[in-house]
Amino acid sequence: KRVRSKIREEVNVVESMAKANRIYKELIFMAHPDRHSDKVELAQSITKEINKNRHNYQELLKLKLLIEKELV
């Protein structure tokens, strides 16, 4: 049982990293300052946060909501 739990935990980490990588690319594109000439400072700030949380799927989801609310 313990071995299965350990394997499942490792699979979850890999899946989370893969999801984070996909959403990271999407968010960098969405929030790039060149795409938001009217809100450059905000876009730069969000881009910095995206890069800081590159591997944190949960934080990237929060940033996606912020982008959709503030930039799109």
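This is a predicted model: local features need pLDDT of at least 70, side-chain atom pairs count only at pLDDT 80 or more; totals for chains, interfaces and linings use all residues.
Mentor: On the face of H3 turned away from its buried side sit the exposed residues Gln 58, Lys 62, Leu 65 and Lys 69.

Trainee: Which residues of H3 are buried?

Mentor: Leu 60, Leu 63 and Ile 67.

Trainee: How do you know what span to expect of H3?

Mentor: The expected span is 1.5 Å times one less than the number of residues. H3 covers residues 57-70, which makes 14 residues, and its first and last C-alpha atoms are 20 Å apart, close to the 20 Å expected.

Trainee: Why is Ile 46 called buried?

Mentor: Buried means under 20% relative accessible area. Ile 46 has 2%, so it is buried. Its place is in helix H2, residues 40-52.

Trainee: What does Ile 46 touch, leaving aside its neighbours within four places in sequence?

Mentor: Ala 31, Leu 66, Ile 67 and Leu 71. Contact here means heavy atoms within 4.5 Å.

Trainee: Which residues of the largest nonpolar core touch the most other members?

Mentor: Of its 14 residues, they are Leu 27, Ala 31, Ile 46, Ile 50, Leu 60, Ile 67 and Leu 71. Helices H1 (2-31), H2 and H3 each supply at least two residues of this core, and H1 gives the most, with seven.

Trainee: What is Leu 27 in contact with, beyond its neighbours within four places in sequence?

Mentor: Ile 50, Leu 60, Leu 63, Lys 64 and Ile 67.

Note on methods
Residues are numbered from 1 along each chain as its sequence is written. Side-chain values use heavy atoms; hydrogens and water are left out. Helices (H or I, at least four residues) and strands (E, at least two) are DSSP runs, numbered from the N terminus. Buried means under 20% relative accessible area, exposed over 50%, partly exposed in between (1.4 Å probe, protein chains only). A nonpolar core is a set of buried Ala, Val, Leu, Ile, Met, Phe, Trp, Tyr and Cys residues joined through side-chain atoms within 4.5 Å.
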